[in-house]
Amino acid sequence: MEIVPILQTFRFNKSSLALVIVQLAFTLAVLVNALVIIDAYRTRLDMDSGINDRALAVVEVEPIDHAYFSDEGRVRNDVQQDLEALARLDGVAGVTQLSSFPLSGEGAMRSSWPQGGVKEKAARHTLYAGDAQALSTLGLNLVAGRAFTAEETDWSRNPTAGSSAGVVIVSRALAEALFPGAEAVGKQLESGDGKVETIIGVVDRLPGRHVLMNTVRLAAIVPARPLNSLHYAVATRGEVTPQLLQRIDAVLLQRSAERDVKVDSLYQRKIGSMHYLFLFGSILGFISLLLVLVTAIGAYSQASYSVAKRIRQIGTRRAFGASKLHILRYFLLENWLATSMGLLLGLLVANGLSFVLTETMQLPRMGMSQLVLGMLFIWIVGLLSTLLPALRAASVPPAIATRAA
Amino acid sequence: MILHHLGNALRGIRRSPVTSVVVVASIALGIAVSVTLIAFYHGMRAEPVPHKSAQVFRVLLDNWQAEKPFAEPDLAPPALTLRDATHLRQAGLAQNEVALYHAQTFVALPGSAGERRIKASTRATTRGFFGLFEPPFRYGSGWDQGAEGNLERVAVIGKTLNDRLFGGADSVGREIEVNSATFRIVGVLDQWDLYPLFYDMTREDLVSDELFVPFPVAVDSLKLWPSFSAQPGEPAGDDFDTRFAGSEAVFVQYWVQLATPQAREAYQSHLNGYIAEQKRLGRFPRAAKAELLAIPQWIERQQENGNQRVFVQTLVVVGLLFFGICLLNIVTLLISRFMGNAGAVSVLRALGVPRWAIFVDHITEAGLLGLAGGLIGLALARVGVALIGPLFLGASDDGIGGSAAGDFGGLLDASMIATAIGLSLLGAFLVALYPTWKICRIAPTQYLKSL
């Protein structure tokens with residue numbers, strides 16, 4: 001093939017070749033990193049967290065006057081009546097009162113360590129407080145020990161400070177982080193201020209407060225019923241429907257209009273918690289599409305220019321017996337070589353950008369699949385945008401060579 | 001002379017309309033993307049009240065416990081306790097001073113009981129706010145000294161809330177229910193886009209306030225629970241008074257206007273004296289620290305570790321590189337376009353037109369294309385800002401006022417327009433340099449022969 005002659009012609013067009021290479025390198029870098037972010041977003045969104053977030057509605061009731069919470073009796077009464085009203089709704093499989101919701105982006109965190117152990121080995125994890133129905137409503141799978149009893153779940157003004165019963169249930173990942181290779185049930189757990197709790201159960205999986213945290217699998221739940229918030233999780237039969245959300249909203253407002261009700265599916269909340277990643281991915285994705293478009297136009301005009309410049313040479317080659325296919329192949333190959341050089345440099349730039357993004361925004365590193373996908377895409381776009389000028393070149397009649405300049 | 005070159009340039013543009021369109025479109029696209037992103041960055045760092053930026057200061061007092069600072073590295077909390085704010089207000093040593101905090105309230109028209117109320121982003125503030133930060137009023141004005149002193153329930157509402165409740169009519173004198181109290185409207189603001197909400201900045205997602213109520217009413221009678229509060233150690237209690245009145249809980253954000261460096265020094269020494277005095281009473285256990293931060297410093301400190309900052313910075317870099325790529329694309333186009341005119345240029349040169357005149361003609365041509373691209377790009381950026389703005393700030397769920405209300409047109413201010421036009425002209429000149437140099441250096445004889 002004509003690789004050597006093509007490389008020789010590159011030497012005469014160094015500046016335009018350099019332009020093409022720089023352009024392609026940058027296009028690849030942005031495209032691949034957009035793919036990385038979109039990929040990260042989608043995997044986190046569809047991640048099996050151990051909780052069926054599409055079949056859970058989360059409800060936050062906000063009293064109009066914050067002074068409401070100083071009347072304990074009223075709070076208890078309202079919580080009980082709210083939960084009963086919710087449980088009576090069609091399509092509701094279970095209800096529970098929680099301090100905060102898994103994967104919602106909000107909630108308390110704390111550090112815990114084995115009692116008597118070194119504080120430096122503490123694990124940082126999400127902490128929930130909930131009533132006796134929490135495990136069944138969230139659909140958590142107890143793999144060792146027991147669940148909370150109704151007696152253990154006491155009311156608390158500061159529920160995530162720990163339970164009065166001194167017991168805690170942890171996720172398997174947290175149990176393994178704290179007591180690697182050992183049975184966790186029955187062990188004592190220490191957290192700030194000398195507070196000690198006994199692990200009474202281990203659940204298979206309990207996700208933490210934010211899906212983008214490295215520690216998303218480390219979580220614990222204590223038996224305590226919040227007196228400082230009105231947050232309910234509602235397990236539904238089948239997926240959460242907008243109609244059900246409306247019914248939940250209506251029934252709670254009907255109980256009292258002196259409050260605001262916010263109700264969502266947990267899945268929707270999870271999407272909300274990843275808002276920034278979504279936004280960054282979409283803007284970068286949009287820019288990379290524009291870049292590919294601009295690059296395609298560039299490749300087209302570059303090829304058109306180089307064909308127009310060489311009309312007479314093409315004619316001469318045709319006159320000496322080169323077929324149309326030869327000419328077509330020559331121009332496509334020329335473009336392909338230039339594209340490949342650009343992509344080669346693009347590998348470096350993409351890696352650099354990916355490094356910066358990982359460092360500054362805690363994004364995952366670029367993977368092989370995104371790189372290959374991005375390169376293939378740019379190759380194809382490059383070839384497609386050269387096709388038209390190359391066809392034009394192929395249709396140059398050999399007779400042109402005989403005409404005077 | 002200038003007209004002559006302009007005429008030549010215009011003729012050049014007319015000669016190859018297709019390349020002209022592609023060049024203008026490329027520049028427009030590049031400007032649209034980069035300026036949209038730069039506008040957000042610019043907005044994040046804008047000076048909200050430029051003529052006072054050297055005079056307005058945020059007051060910070062470090063009342064945190066001795067063991068660990070409020071935030072690393074040794075930063076004071078972003079707000080004051082109610083008792084410290086009250087002391088400063090009573091001392092009244094600054095030319096103008098404002099105590100404020102953010103709260104969520106629920107608003108309705110009187111007599112609409114049982115209906116869903118409107119959740120409104122609310123600012124409890126002393127009346128100095130309106131004079132200090134100069135929000136644009138559509139109707140009425142802020143409340144007066146007497147009303148504030150007598151704990152009158154008066155309110156200023158934002159444009160969005162006025163549109164929702166009164167269909168945009170002049171609502172001064174009308175009444176609204178805020179939580180369970182009735183307030184009389186004394187002023188209505190016009191559209192006031194702030195990004196970020198520089199006078200608060202305790203949360204990244206706050207964009208605008210829709211209801212302004214007197215600070216004394218909020219803390220003394222309404223007892224509006226602040227959205228942001230923090231205390232060293234455990235909270236003192238659960239009701240408003242024990243939690244906030246005599247405690248070390250910080251939630252009051254304090255601003256002062258000090259016109260001269262002398263006034264600033266005097267205020268600083270007053271703060272230092274106050275801390276020393278309070279230390280004798282067993283408060284302020286950390287090394288004495290009272291700070292007066294100017295608005296830019298304050299914004300800088302609060303954004304330093306925020307997500308938005310890094311996020312927007314990265315996008316600005318990507319946007320500028322995108323513009324660069326669009327420009328690179330044009331170089332080849334311009335070369336072929338200018339060289340296509342080599343014959344005519346050769347004739348001119350042979351007739352004695354100097355090189356520099358040829359140079360000016362072609363550079364002017366590129367400049368005109370760049371200017372057109374810049375203007376179109378600016379129009380596109382206006383669309384871009386309106387499209388991305390709500391997404392940017394859509395994460396907040398604080399009802400109206402909590403998230404974006406306007407369409408962010410304010411982000412494209414005079415300096416951004418200048419940036420857009422400057423960037424497009426600079427870009428066009430840069431990319432035209434090499435092609436122009438090439439056409440100026442042609443040997444006329446070579447082309448004259450082929451004519």
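**Domains, contact and cores**

Mentor: Chain B is divided into domain 1 (2-48 + 307-450) and domain 2 (63-288), with bounds that come from an automatic or database domain assignment. This is a predicted model, in which local features need pLDDT of at least 70, side-chain atom pairs count only at pLDDT 80 or more, and totals for chains, interfaces and linings use all residues. Residues are numbered from 1 along each chain as its sequence is written, while chains are lettered from A and ligands numbered from 1 in the order in which they are written.

Trainee: What average pLDDT does chain B have?

Mentor: pLDDT is the predictor's confidence in each residue, from 0 to 100. The model as a whole scores ipTM 0.76 and pTM 0.79. In chain B, 94% of the residues score at least 70, and the average is 86.

Trainee: How far apart are the centres of domain 1 and domain 2 of chain A?

Mentor: In chain A, domain 1 covers 3-46 + 275-402 and domain 2 covers 65-257. The C-alpha atoms of the chain fill a box of roughly 105 × 50 × 35 Å along the principal axes. Between the C-alpha centres of the two domains of chain A, the distance is 53 Å.

Trainee: Why is chain A described as more spread out than a compact globule?

Mentor: Chain A has 11 helices and 12 strands, these being DSSP runs numbered from the N terminus (helices H or I, at least four residues; strands E, at least two). The globule rule, 2.2 Å times the number of residues to the power 0.38, is compared with a radius of gyration taken over C-alpha atoms. For 405 residues the rule gives 22 Å, and chain A is more spread out because its radius of gyration is well over that, at 32 Å.

Trainee: Which element gives the largest share of the side of chain B that touches chain A?

Mentor: Residues are in contact if their C-beta atoms, placed from the backbone, lie within 7 Å, and the contact takes 36 residues from chain B and 37 residues from chain A. On the chain B side, the elements giving two or more residues are α2 (17-44), α11 (307-339) and α13 (355-393). The largest share, 16 residues, comes from α11(B).

Trainee: How many residues of helix α7 of chain B are buried?

Mentor: A residue is buried if 20 or more other C-beta atoms lie within 10 Å of its own, exposed if 12 or fewer, and partly exposed in between, with C-beta atoms placed from the backbone. The buried residues of α7(B), including B:Phe215 and B:Leu222, pack against α3 (82-91), β3 (96-108), β4 (118-125), α5 (145-149), β8 and β9 of chain B. The helix, residues 215-222, is largely enclosed by the rest of the structure, because the buried count among its eight residues is six.

Trainee: Is B:Met201 buried or partly exposed?

Mentor: B:Met201 is placed in the loop between β8 (181-189) and β9 (211-214) of chain B. Beyond residues up to four places away in sequence, B:Met201 touches B:Pro196, B:Trp298, B:Ile299 and B:Gln302. With 19 other C-beta atoms within 10 Å, B:Met201 is partly exposed.

Trainee: Which residues have the most contacts inside the largest nonpolar core?

Mentor: A nonpolar core is a set of buried Ala, Val, Leu, Ile, Met, Phe, Trp, Tyr and Cys residues joined through C-beta atoms within 7 Å. The largest has 140 residues, and those with the most contacts inside it are A:Leu28, A:Leu174 and B:Ile31.

Terms used. Contact = placed C-beta atoms within 7 Å.
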